[in-house]
Amino acid sequence: MVRPFPGTQICKALRSAQKVAVIDRDFSPGCGGIFAQEVKAALQGDHAPLPVYEFIAGLGGKDVTDKDIESIIKQTLTMQNPGESTWIGLLK
């Protein structure tokens, strides 16, 4: 994890965003991806509700491929409301 977490810079970079997709390579049961939780915390109070979509990919050292990222982008563009973490590329 990045410490100190660059929350101010992330908020500034996402100022004009309508949605955010976060790809985590870790998972904490009950919380989801740790980086996604950090991004959500940084955005609290700084933005109107900015939906953060959590994706878990690359667990166990598995590569996150261009195809995985393309799928994440497509899903993020079509999703209406963020929910629980979406798992990518774990079945193959």
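F5 counts as buried (under 20% relative accessible area, against over 50% for exposed and partly exposed in between, with a 1.4 Å probe and protein chains only), because its relative accessibility is 18%. The model is predicted, so that local features need pLDDT of at least 70 and side-chain atom pairs count only at pLDDT 80 or more, while totals for chains, interfaces and linings use all residues. Residues are numbered from 1 along each chain as its sequence is written, and side-chain values use heavy atoms, without hydrogens and water.

Two aromatic pairs are found in a search of the whole structure; rings of Phe, Tyr and Trp (its six-membered ring) pair if their centres lie within 6.5 Å, and planes under 30 degrees apart count as stacked, over 60 as edge-to-face and the rest as tilted. The F5 and F35 rings are edge-to-face, because their centres are 5.7 Å apart and their planes at 65 degrees. F35 is partly exposed, at 29% relative accessibility. The rings of F27 and W87 form a tilted pair, with centres 4.7 Å apart and planes at 55 degrees. F27 is partly exposed at 35%, as is W87 at 39%.

S85 is buried, with a relative accessible area of 16%. Its side chain makes a polar contact with the side chain of E54 at 3.0 Å, a polar contact being a pair of N or O atoms within 3.5 Å; within protein, one must be able to donate a hydrogen and the other to accept it, and residues adjacent in sequence count only if both atoms are side-chain atoms.
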